[in-house]
2 protein chains.
Amino acid sequence: MKKVSLLAPGPTPVPPRTLLAMAQPLIHHRSSDFLEIFGRVREGLKKIFKTNNDVLVFCSSGTGAMESAVTNLLSPGDKAIAIRGGKFGERWTELLEAYGCQAINLDVPWGYAVKPDDVAALLKADPSIKAVYVQALETSTGVSHPIKELAQVTKDTGAVLVVDAVSALGAYDIPTDEWGLDVVISGSQKALMLPPGLAFVSIGPKALEMMKTSKCPKFYFSWAKELKTQSQNKGAFTSPVPLFLGLLDIFEVIDEMGGLDNIFEETALKSKAFKAAVAAWGLELYSKENASTGLTAVEAPAGIDAQDVVGWLKNKYAIFIAGGQAQAKGKIFRVAHMGFISEFDTLQGISAIEMALAGLGYKFEMGAGVAAAQKIFGEA
Amino acid sequence: MKKVSLLAPGPTPVPPRTLLAMAQPLIHHRSSDFLEIFGRVREGLKKIFKTNNDVLVFCSSGTGAMESAVTNLLSPGDKAIAIRGGKFGERWTELLEAYGCQAINLDVPWGYAVKPDDVAALLKADPSIKAVYVQALETSTGVSHPIKELAQVTKDTGAVLVVDAVSALGAYDIPTDEWGLDVVISGSQKALMLPPGLAFVSIGPKALEMMKTSKCPKFYFSWAKELKTQSQNKGAFTSPVPLFLGLLDIFEVIDEMGGLDNIFEETALKSKAFKAAVAAWGLELYSKENASTGLTAVEAPAGIDAQDVVGWLKNKYAIFIAGGQAQAKGKIFRVAHMGFISEFDTLQGISAIEMALAGLGYKFEMGAGVAAAQKIFGEA
């Protein structure tokens, strides 16, 4: 049995105290105790989303919440822009097409960020476009799309902006109300340090208005149904009670870590240290612009299959990082900085990658990455 | 702080060892360790469903799996029978209508079971009917519908039988293959003794065939997508890892409890003892036929609001039983026998109800219910 370390971009490690908070005996999901917990969860989520909007909670993976942002806003035949700069961007198109909507695909080369002007041009050319779907952090490439600028571009049009922040929320600042984001989606298993199983959707006034005329079919993921019941602090269907207990504990964990803004700084520091190690190895980031602080995507050296780096860490050290997906498979490996990952977890990851790279025949100065990262941490 | 006891028909108590099994550090949902766990979960579920069919796992409440049994079988405009003998039966109609299908409502008075001949007559009158939707145990009334007989009625027609066994599976015998059940749905939080968050769907050959022509839109709950990935022991989307660990532990718990068939006997014994107490109080069951062994629905005495009984137990003793829903609200209270509930938990419930009934002014011999139940347990 090896000591396992999770450094993949989700699920991320859960604080042991939170695991134990979730191991409390079950309480009934319609009891007054649980309604009180549900109310505290709703309030806490508003703080994390930095919004006064309602934030709905679903029992599903993040994809369920993404689906809800299609079916509750659009009607069959409606047009929407899917910003596709990676695997998760492509999911928007699949979702739109599954529900008979017209996806206007705005393809962005993997590793690059969407240009807000390109979105503006599409919206201007066709005022019937009803929504723009985008990832805050495209987990498959490590790129952060320019969400604040996209909100400015959509603001005065008839289109709503829907932001998948599953891997971004809690990793860096996405202030929903300050930026005027119509819909923001997140999940429990990334920067929020919980197991998978809860998905969240913040819904602003423009989206609420659009919801009223949406004709796509929905039931389990119906916003109207959940807005009605969750305003009374209960889910329309049976809530996954332990994850609610876990989320209450995470609110405390966030406070004890110095609050959200402090967590953003620490995540950025881990990212800076890791990226310094990458430079010290003479390797390149896969993210050619807007490299996210939530995770780092690294191009493997020429002649080395990135999956071998991932496998080396898993098999020799029980350290889990992620490889590339689809067109990036074999070319890159990805390491998370979001969530319950310390600077020493980060150094451990750097150390293991160095040993893997050396073992796989890459020539560089062993220890250079660790030294570069320690320098950043030491100076902070 | 009071010692809480859950006697409501879900969520039921979770064995403490299982809560701790779920509190293990997270592992990655795409790791080989998790694929191996997923494979064991798939095999274990087949034993519980008593089937060789694939049993899909979804991260959702049971309602999500119910939705999947509409959207993956039917196309808009298709006709289907919704057997409605309680609140959960009504959900079929809501689901069918949400997806543009035609619900043929077969209304059964609450407290009674559907007559298979009535279903046969409807199917004969209209061979275009594509599905029959029913609850095994209608949780809102305590009635078990005659599933074996319904399967005989649908077998030689073009219609599939879809059985919601969320509160039945694991409480009493529902042998999927022996009875030839096309689709069986269940959830984690009832007789399977886990927290809410997992839903299951067993899919037989006739349903798989119908799935191929289904045109209702779906994405998160797509059977085709999940059949493809789960055959490789992984979910299409992020799996709720701790519940999988919990389910593996529950498989062991079931073995240590003497196996499924022994659990069915013990559940029936608790039901028999509880129903003997109800008779000793001079009260009536709400289930006028096919009273289930999974739970008991009791009519409150004339002049006493059943919600006051529920409230008395909750407020004075921290014991959670359930009241009636919709038309049965205030008239009945419901007590579970399924899941991790011992004979002494059952006696505690009986004792508390006796004290509540007495406190609310009902005249009967105090202790008669406990004595009647003890007699049953003692003789067993």
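Leu260(B) touches Ile48(B) and Ile254(B), residues up to four places away in sequence being left out, where two residues are in contact if their C-beta atoms, placed from the backbone, lie within 7 Å. This is a predicted model, in which local features need pLDDT of at least 70 and side-chain atom pairs count only at pLDDT 80 or more, while totals for chains, interfaces and linings use all residues. Residues are numbered from 1 along each chain as its sequence is written, and chains are lettered from A and ligands numbered from 1 in the order in which they are written.

Leu260(B) belongs to helix 11 (residues 260-280) of chain B; helices (H or I, at least four residues) and strands (E, at least two) are DSSP runs, numbered from the N terminus. A residue is called buried if 20 or more other C-beta atoms, placed from the backbone, lie within 10 Å of its own, exposed if 12 or fewer, and partly exposed in between. In chain A, Lys363(A) lies in the loop between helix 13 (343-359) and helix 14 (368-379). The table sets out the surroundings of these two residues.

| Residue | Class | Other C-beta atoms within 10 Å |
|---|---|---|
| Leu260(B) | partly exposed | 18 C-beta atoms |
| Lys363(A) | exposed | 8 C-beta atoms |

The C-alpha atoms of Leu260(B) and Ile48(B), which are 212 residues apart along the chain, are separated by 7.4 Å, and those of Lys363(A) and Pro301(A), 62 residues apart along the chain, by 9.6 Å.

Helix 6 (residues 147-155) of chain A has Ile147(A), Leu150(A), Val153(A) and Thr154(A) as its buried residues. Seen down the helix axis, these fall within an arc of 115°, so they line one face of helix 6, the arc being that of the directions from the helix axis to the C-beta atoms. They pack against helix 5 (116-125), strand 5 (131-135), strand 8 (160-164) and helix 7 (176-179) of chain A.

Turning to the two copies, chain B can be laid on chain A with an RMSD of 0.0 Å by a turn of 180° and a shift of 0.0 Å along the axis, the superposition being by least squares on the C-alpha atoms of residues with pLDDT of at least 70 in both. The two copies are thus related as by a two-fold rotation axis. Among the residues of chain B, Ser60(B) comes closest to the rotation axis, at 2.6 Å (C-alpha).
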